[in-house]
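Colleague: I would like to go through this model with you. Could you take my questions one at a time?

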Amino acid sequence: MPKPSSLLDGYQYEPGTGRYRNLASGRFVARTRITDLLGDALNANERTMTRTATAFHEGALDPRDWLNSTKLALKREYLQNAALGAGGWDRLTARDYGRIGGHLSAEYGRLASMAEQIAAGEVTLPQALNRITMYQGGARRMYYETERENLPEPGRGMTRIARRILGQAEHCFRCVEYYDMGWQPEGVLPVPGAESPCDGNCRCEIIYRTVTVQAADVLFGTKG
Amino acid sequence: MPSLTRAERVQRLIDLGIAPQDAERIVTESDMMTFINGRFDVQQVQAGAEITDADIADARADWYASRAIPRQYKRLLDAKVADAQA
């Protein structure tokens with residue numbers, strides 16, 4: 001029986017492949033589509049956070065209201081991005097909750113400090129907006145961390161390799177180095193946003209490929 | 001900043017793109033929070049960092065409501081695990 005057009009598409013997550021499958025079409029959702037969703041959602045939230053930060057900086061918003069609106073937006077982003085990387089809400093574990101809560105606790109502290117500095121006139125608007133971008137980067141990193149933790153075991157004789165892809169951003173020297181390293185054994189390259197000076201401003205991606213051990217030897221160091 | 005009424009604060013948040021129900025919630029939470037001599041109480045600020053089932057439900061609802069998420073992908077995060085269904 002054909003699916004009524006009013007119904008939303010359903011999905012299945014396959015831990016063995018680490019991919020989502022559209023139940024109606026039977027097709028896998030391309031990982032690029034997943035990372036596009038990640039980017040689109042973060043961009044939309046960043047626009048709102050930019051507006052509220054600007055209003056707060058201009059004295060048009062109560063410091064507490066700005067702080068709580070930003071906290072709420074960040075918590076939602078962290079959770080959504082973690083779920084996206086894990087394979088859906090059902091796959092988030094108590095360990096994930098603890099990890100996300102730990103990140104948020106630190107971010108909330110930084111937000112409060114920033115709010116105090118803005119209220120005291122110690123932070124310019126461009127500085128404030130740059131920090132907002134960095135907080136978004138922390139939420140973005142959550143996707144990549146959770147995804148990495150949920151990648152399936154490579155089969156016998158197979159291995160997983162990873163490669164850094166530069167995104168649309170002003171790149172720090174470290175990210176360019178990671179890109180220039182080409183394909184590397186999994187675990188060598190950090191997830192985007194980690195271990196680089198650009199920190200939360202990083203807009204790189206990391207891609208994975210599962211190949212035979214012999215093929216990996218050929219690919220290491222290349223970008224092919 | 002001139003003192004604003006609760007309704008004015010809610011309206012400002014809505015004008016900045018915050019959903020009305022979220023704006024109400026934010027102002028309610030703010031009213032329970034202190035900001036004295038330009039300082040927050042760090043314990044108050046960090047109290048909401050832990051993740052609860054209510055937070056998951058809230059983030060899930062927000063994903064559905066987000067204009068950035070195309071209709072086709074609204075149920076993506078509700079995916080069921082394939083192995084469990086086999």
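Colleague: How many residues of chain B are in contact with chain A, and how many of chain A with chain B?

Modeller: In this predicted model, 49 residues of chain B are in contact with 52 residues of chain A. Two residues are in contact if their C-beta atoms, placed from the backbone, lie within 7 Å. As the model is predicted, local features need pLDDT of at least 70 and side-chain atom pairs count only at pLDDT 80 or more, while totals for chains, interfaces and linings use all residues. Residues are numbered from 1 along each chain as its sequence is written, and chains are lettered from A and ligands numbered from 1 in the order in which they are written.

Colleague: Which element supplies the largest share of the side of chain B that touches chain A?

Modeller: Helix H4 (53–65) of chain B, with seven residues. Other elements that each supply at least two residues include helix H1 (6–15) and helix H2 (20–31) of chain B. Helices (H or I, at least four residues) and strands (E, at least two) are DSSP runs, numbered from the N terminus.

Colleague: And how do the residues on that side divide into nonpolar, polar and charged?

Modeller: The side of chain B that touches chain A has 25 nonpolar, seven polar and 17 charged residues. Here Ala, Val, Leu, Ile, Met, Phe, Trp, Tyr, Cys and Pro count as nonpolar, Asp, Glu, Lys and Arg as charged, and the others, Gly among them, as polar.

Colleague: In which sense do strand S1 of chain A and S3(B) run, parallel or antiparallel?

Modeller: Strand S1 (residues 11–14) of chain A and S3(B) run parallel and are joined by two bridges. Within this pairing, Tyr13(A) stands opposite Val81(B). Two strands pair if DSSP finds at least two bridges between them.

Colleague: What domains does the assignment give for chain A?

Modeller: Domain 1 (31–149) and domain 2 (158–219), with bounds that come from an automatic or database domain assignment. Their C-alpha centres lie 23 Å apart. The contact takes twelve residues from domain 1 of chain A and ten residues from domain 2 of chain A. On the domain 1 side, eleven residues come from helix H4 (residues 125–149) of chain A.

Colleague: What is the order of the strands in the open sheet of chain A?

Modeller: The order is S4-S3-S5, with antiparallel pairing. S4 and S5 of chain A stand at the edges with a single partner strand each, so one side of each is left without a neighbour in the sheet. Strand S3 (residues 158–165) and strand S5 (residues 205–212) of chain A pair over eight bridges; Thr159(A) stands opposite Val211(A), and Arg160(A) opposite Thr210(A). Two bridges join S3(A) to strand S4 (residues 184–185) of chain A, where Ala162(A) has Gln184(A) as its bridge partner.

Colleague: Finally, why is chain B said to be more spread out than a compact globule?

Modeller: Its radius of gyration is 18 Å, well over the 12 Å that the globule rule gives for 86 residues, so chain B is more spread out than a compact globule. The radius is taken over C-alpha atoms, and the rule is 2.2 Å times the number of residues to the power 0.38. The C-alpha atoms of chain B fill a box of roughly 60 × 30 × 15 Å, taken along the principal axes.
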